[in-house]
Amino acid sequence: MKASAKQFMNSAAWRAWLTAGAPIIALVLLVFVLAVGLLVGLARQQDREIVASTQRLVSSTLDARRGGLAGLALDYANWDDAYAAITLDWDAEWLANNYYSSVADGVIVARDGLRRYTWLADGATDEPDEAVRAAIEAAWSVGGFEGLATAPSAAETSAHTVAVAGDRLALIAVVPVAVEDDAGRIANAPAGAADYLIAVQVLDLSEISELGRLLGLQGLSFTPASSSAPETGVVLPILASDGHAVGWFAWRHERPGSAG
């Protein structure tokens with residue numbers, strides 16, 4: 001048996017196989033390795049694209065909600081009757097009858113950083129005083145805040161940002177209280193402190209979970225900046241208007257490319 005094997009190793013057939021067959025096998029192995037490498041690269045690229053696309057999805061959804069809240073605040077603040085009842089002659093009864101909402105969780109009127117009126121929906125927050133303070137501080141830190149009252153158009157008088165209320169994320173919109181006519185609004189803009197309306201929407205655990213379900217994201221959660229950033233999953237920093245992170249959204253990284 002050993003002799004036969006030795007004879008074959010010395011035969012012309014073996015030499016022909018080494019000359020033609022071995023390179024073919026090596027080429028097949030090389031193609032296989034390259035194919036596997038290509039598949040792995042494509043899988044990882046797909047995973048990275050999923051991360052980027054889901055981050056854009058969450059970010060744009062938050063922007064849309066903040067924009068909608070800013071539109072609501074604009075409707076409440078850019079109003080002749082509101083200006084008369086707040087700035088010209090304070091009317092607490094008028095505010096109680098008009099400044100509440102079925103959409104926002106809170107409606108606040110503040111001047112010079114101090115609250116003048118507050119309405120909060122039932123269960124909007126477990127810590128109402130902290131939530132109101134956070135909302136006012138966040139509103140006063142909005143970029144270009146001082147120029148809102150004299151913006152060229154009413155739409156440009158609204159701004160939005162985010163803050164933390166307890167361990168929950170608060171969406172915040174701020175608009176100066178003014179008359180509806182742009183020329184009158186700019187002419188009446190006070191040299192000193194103005195009244196501002198602040199609309200607040202607080203996203204609690206159940207609302208964030210529902211948001212995750214609607215967006216098709218598993219385990220969507222919010223972690224405030226007072227805690228450590230999540231170490232697993234896809235993480236998205238949530239930035240206030242001045243650029244600092246108030247916390248992070250995180251959700252399960254499905255890794256569809258790698259799984260496939």
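Asp182 and Arg185 are both located in helix 6, three residues apart, or about one turn of the helix. Helices (DSSP runs of H or I, at least four residues) and strands (DSSP runs of E, at least two residues) are numbered from the N terminus. The two side chains form a salt bridge in which the closest N and O atoms are 3.2 Å apart; a salt bridge is defined as a side-chain nitrogen of Lys or Arg within 4 Å of a carboxyl oxygen of Asp or Glu. Asp182 is partly exposed, with a relative accessible area of 27%, whereas Arg185 is buried at 3%. Here buried denotes under 20% relative accessible area, exposed over 50%, and partly exposed the range in between (1.4 Å probe, protein chains only).

The structure is a predicted model, in which local features need pLDDT of at least 70 and side-chain atom pairs count only at pLDDT 80 or more, while totals for chains, interfaces and linings use all residues. Residues are numbered from 1 along each chain as its sequence is written, and side-chain values use heavy atoms, with hydrogens and water left out.

By the salt-bridge rule, the count comes to five. One of these pairs joins the side chains of Arg116 and Asp195, with an N to O distance of 2.7 Å. Arg116 belongs to strand 2 and Asp195 to strand 5 (residues 195-203), so this contact ties together parts that are 79 residues apart in sequence. Asp195 is buried, with 2% relative accessibility, and Arg116 is partly exposed at 32%.

Another salt bridge is formed by Glu210 and Arg213, whose closest N and O atoms are 2.6 Å apart. Both residues lie in helix 7 (residues 205-215), three residues apart, which is about one turn of the helix. Glu210 is partly exposed, with a relative accessible area of 34%, and Arg213 is exposed, with 56%.

Strand 1 (residues 106-111) and strand 2 (residues 114-120) run antiparallel and are joined by six bridges. Two strands are taken as paired if DSSP finds at least two bridges between them. Ala110 has Arg115 of strand 2 as its bridge partner. Strands 1 and 2 form a hairpin with two residues between them. Asp112 lies in the loop between strand 1 and strand 2 and has a positive phi, near 55°, although it is a residue other than glycine. Most residues other than glycine have a negative phi. Asp112 is exposed, with a relative accessible area of 58%.

A surface patch of negative charge is made up of Asp80, Asp81, Glu180 and Asp181. Patches consist of residues with over 30% relative accessible area and no salt bridge, like charges being joined within 9 Å and nonpolar side chains (Val, Leu, Ile, Met, Phe, Trp, Tyr) within 5 Å. Glu180 is partly exposed, with a relative accessible area of 42%.

Ala250 is found in strand 8 (residues 245-251) and is buried, with a relative accessible area of 7%. The C-alpha atoms of Ala250 and Glu231 are 9.2 Å apart in space, and the two residues are separated by 19 residues in sequence.

Terms used: Accessible areas come from the Shrake-Rupley method with a 1.4 Å probe; for residues, only the protein chains shown count as cover. Lys and Arg count as positive and Asp and Glu as negative; His and the chain ends are not counted. The place of a charge is taken as NZ of Lys, CZ of Arg, CG of Asp or CD of Glu.
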